[in-house]
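Today I want to go through a structure and write down what I look up as I go. Here it is, for anyone following along.

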Number of protein chains: 2
Amino acid sequence: VRSLITVLSGGVGGSRFLQGLVRVVDPEQVTAVVNTGDDDEFFGLYVSPDLDIVTYALAGLVDEERGWGYRGDTFHCLEALGRLGGETWFRLGDRDLATHVHRTSLLRQGQTLSQVTADIAQRLGVRVRLLPMSDDRVSTIVETDAGTFSFQEYLVKRGARDRVRAVRFEGVERARPSPGLLEALAQAQAIIIAPSNPIGSIEPILSLPGVRDAVRASSAPVVAVSPVVAGRVFQPPADGMMSGLGYEVSARGVARLYAPFADAFVLDEQDAAQADDVVALGLQSIVTNTVMAGPAERESLARVVLGAAGLSFP
Amino acid sequence: VRSLITVLSGGVGGSRFLQGLVRVVDPEQVTAVVNTGDDDEFFGLYVSPDLDIVTYALAGLVDEERGWGYRGDTFHCLEALGRLGGETWFRLGDRDLATHVHRTSLLRQGQTLSQVTADIAQRLGVRVRLLPMSDDRVSTIVETDAGTFSFQEYLVKRGARDRVRAVRFEGVERARPSPGLLEALAQAQAIIIAPSNPIGSIEPILSLPGVRDAVRASSAPVVAVSPVVAGRVFQPPADGMMSGLGYEVSARGVARLYAPFADAFVLDEQDAAQADDVVALGLQSIVTNTVMAGPAERESLARVVLGAAGLSFP
C-alpha cells in the first residue's frame, strides 16, 4: 500500500490529530513519523512516550482525559517499585508497563525500534504505519536555570517549571532517519506537521540528517497545524520551551518556525487576528477550530488540513 | 551478628518453616540458603521464584493461600503482555513484577544475585539473611516422557503432569556457592533441611561444589524435615519428581535421601509407623505435627526441630 500522507508527530497533540485523520482517510495510507527524543530508561526498561501515546490513541486504548497511558490503568507495580527504593515520578501503569517490558525484551534480542514499534502496533490493531523518527538513540536534553535534564525529567519530574536556556538533541548528528522515513517524505502527497511541541517534538525529527532537506525538497504541500491557541498550549512544556528559547508563544510564533519549509499554516479561530501575520511569512493561512475536543472536532480539523493540502475525501 | 542456624530451603514449604522459625529465634541469627535452580527469564526479566516466595513470606506480604506472590496482587500487566503476544502461563502479578524489574535492572548494572537479594530483603524489612545458593546460573532441567523442560515449564506450563525420567542441574559443576554459604554451614550451630522438594529444591543446593561435603563435615547437628506427609506432598512437583526417579514418595523415602549426611529426621504424626525405618537408616527420628497450617503450627514445628538440634529457646 502506497503511503500518501506523512505526518510528523509528537505525543498528545499529534495522537489526537491522527485520531481525526484516520476517520477521513484509510489508515494504511498514513505514515506517522514519531519523535523519540523523549525516550528514556526507567528500571532498565526502554520507554518511548510519544510512540506509546500515538499507538494507544490509534488502538482506542488511551486514557482520553490524561492523553497518555492506558485507560483505567492501575499503578500497583510502580507502588511496589517505590517500596523497593525506585523513583516513581514517571507514572508507569501496569498495563502500560507491558509495552515497555515487551519492547525492551525485543530490543535486547536485537530487533530495531522500528521493528518493535511495528510489532506492537500490529498486535494492538493499529493500521497507521508508525515510524519512530530513528532507530538510533537521540536524547532531548533541556538546559535550565535549575540544571540540565532529560526531557522526561524536565517535564514530569520537575513539572516543566524551570526556565529553559537551551535544548539540544544528543546524538542527532550521528542518528539515521528510520528505514522508510525519507521515502515517506519523498513520496507523500501531503506532509503534515501535527499540532505538537515545535521544539520538543517536531524539531528533533527535522534535525535528523536529511529530514529537513527532504521536507523542503518535497513536491507535496507541507501543512502545519498550530499547537498554540490563544497564546496557550494544551499541555506543557511547548510553551516553556518556546519562551525560554526566545520564541513568541503564539500561533504566529510557531508559524515563524515552520515558514522556511511549510506551505500552509492552520491556526485557531481564536487567533484569527494573526492570520495576516502568517500570510506575511509567505504561508497560506487557514483559520478553523483546532481545539480537538472530541472525535467530531478531530475529524473536522483533519478535513481542513487535507483540504489545505489540496486533497479532498468524501 | 553471628549466624547460628542455617536452613536449606526451596519455596513454599521452606518459606512456611522459616516463618515459624523466626517466631522462635532472632531472625538475624538465621541464614536461609535458597534454591535458584528454578530461576528463569520471562520477557527478559530475571525471575527467582523460591527467593521471592521466601522473601515475601518473611516480609508478611505473601499470598498465604497460594503460597507464592503478593497477597491481593493483580495481573493487569500480564494480561497486556498476552495482548502483545507473550506467553502468560507464568503468573506474574503486578506487584510481584516490581521485584523482577528491580532485580533485572540491578543485575544488568553488574550487581550479583546475592547483592540484589540482600537489597530486596532489606527494602522489604526481612531480617533473615537470605542467600541465593549461587550467584552463578544453575538451571534445573526436567527430562520427561513429553520432552525436556525447564523447572517452571515442567511445573507451571505443563502442570507437572509429565512422567519424569531424569533431573539435572545445568551449570552446577561450574557454579560457586554464593559468598558466605560455605561459612554459614561451617559456623552453624544447627543445619536444617526445610520441608522442601528433595529433588527440585534441596538437591541443587547440595550439588554445588563443596556444599554436600560442608554439610557432612559440619560438627553441627543436621536436622531434616519431611515434606511428605501420608505419602503426599503439600504441593507438586516433589511427588512426581521423586516417583519418576524411583524414590518412594514417603517420609521414609525422603529420609533415605538425607541419611548420608543428616543426624535427625522429623516426620509427621500420620507417618509415625515409619519412625522405626528412619531409625534403621541411622537417623534420630522425631514425630510431630509437620503440616504447618498456621503460625502456631509453624512455630511449634520450629521448636521441635530446634530441640532435635539440641537447641532450646524460651
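**Notebook: charge pairs and a contact**

I started at A:Glu203, which counts as partly exposed because its relative accessibility is 24%; by that scale buried is under 20% relative accessible area, exposed is over 50%, and partly exposed lies in between (1.4 Å probe, protein chains only).

Housekeeping before I go on: this is a predicted model, where local features need pLDDT of at least 70 and side-chain atom pairs count only at pLDDT 80 or more, while totals for chains, interfaces and linings use all residues. Residues are numbered from 1 along each chain as its sequence is written, chains are lettered from A and ligands numbered from 1 in the order written, and side-chain values use heavy atoms, with hydrogens and water left out.

**Salt bridges**

What does the side chain of A:Glu203 meet in a salt bridge? I found A:Arg212, at 2.6 Å from N to O; the rule asks for a side-chain nitrogen of Lys or Arg within 4 Å of a carboxyl oxygen of Asp or Glu. A:Arg212 is partly exposed because its relative accessibility is 23%.

Next I looked up A:Arg252, which forms a salt bridge with A:Glu248, the closest N and O atoms being 2.8 Å apart. A:Arg252 has 21% relative accessibility, so I noted it as partly exposed. A:Glu248, at 32%, is partly exposed too.

B:Glu170 is partly exposed at 43%, and B:Arg168 is partly exposed at 36%. I also found A:Arg23, A:Glu299 and A:Arg303 joined into one network by salt bridges that share partners.

Over all chains, my search of the whole structure gave 40 salt bridges.

**Where chain B meets chain A**

How many salt bridges link chain B and chain A? The count is zero. I did find four residue pairs in polar contact across the interface, both residues at pLDDT 80 or more (N or O atoms within 3.5 Å; within protein, one must be able to donate a hydrogen and the other to accept it, and residues adjacent in sequence count only if both atoms are side-chain atoms).

The contact (heavy atoms within 4.5 Å) takes 25 residues from chain B and 25 residues from chain A. The two chains bury about 2,300 Å² between them, 68% of it on carbon and sulfur atoms; this is accessible area (1.4 Å probe) lost on putting the parts together, summed over both. On the chain B side, B:His76, B:Arg83 and B:Leu84 lose the most area to chain A, together 28% of what that side buries.
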